Amino acid sequence: GYDFTALTKQIKKCAKLTVFLPGKASTRLRQALKKINYNTIVQARNMRTAVKEAKKIATQGDIVLLSPACASFGIFKNAKDRGELFKKAVKKQHDRNF
């Protein structure tokens, strides 16, 4: 039941792309973003795919940020697990460049 109004405004103002992982809140936030005509959205099935999608449009100097808006019950063991999976996915994508 979160109100995503302030968050959607910030995303539209600051984000080149928003990549979503599965979840109820993701669905609601995507819908809220579309209502304000922000359509640079990708749905990823897992963290590895999310990072891969972000890498496709990231350019030198861009920031790829893991910024969970809500809890991710059932997807990750906990917040630490979510962060570790993000770091591993980033490292894997980075290593592919060399």
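Guide: Contact here means heavy atoms within 4.5 Å. The model is predicted, so local features need pLDDT of at least 70 and side-chain atom pairs count only at pLDDT 80 or more, while totals for chains, interfaces and linings use all residues. Residues are numbered from 1 along each chain as its sequence is written, and side-chain values use heavy atoms, with hydrogens and water left out.

Visitor: Which residues does A50 touch, not counting residues up to four places away in sequence?

Guide: A50 lies in helix α3, where helices are DSSP runs of H or I with at least four residues, strands are runs of E with at least two, and both are numbered from the N terminus. A50 counts as buried at 9% relative accessibility; buried means under 20% relative accessible area, exposed over 50%, and partly exposed in between, with a 1.4 Å probe and protein chains only. Beyond residues up to four places away in sequence, A50 touches V19, L21 and A44.

Visitor: What distance separates the C-alpha atoms of A50 and T18?

Guide: A50 and T18 are 32 residues apart along the chain. Their C-alpha atoms are separated by 9.4 Å.

Visitor: How many charged residues are in the contact of α3 with α4?

Guide: From α3, M47, R48, V51, K52 and K55 meet R82, L85, F86, A89, V90, K92 and Q93 of α4. By class, this contact has six nonpolar residues and one polar residue, and the number of charged residues is five.

Visitor: Which backbone oxygen does the side chain of T8 reach?

Guide: T8 is placed in helix α1, residues 5-14, and is buried, with a relative accessible area of 4%. Leaving aside neighbours within four places in sequence, T8 is in contact with L29, A32, L33 and I36. At 2.8 Å, the side chain of T8 reaches the backbone oxygen of T5.

Visitor: Is N37 buried or exposed?

Guide: N37 is in the loop between α2 (24-35) and β2 (41-43). Its phi is near 60°, a positive value in a residue other than glycine. At 61% relative accessibility, N37 counts as exposed.

Note on methods: Nonpolar A, V, L, I, M, F, W, Y, C, P; charged D, E, K, R; others polar. Polar contact = N/O pair within 3.5 Å; in protein donor to acceptor, adjacent residues only side chain to side chain.
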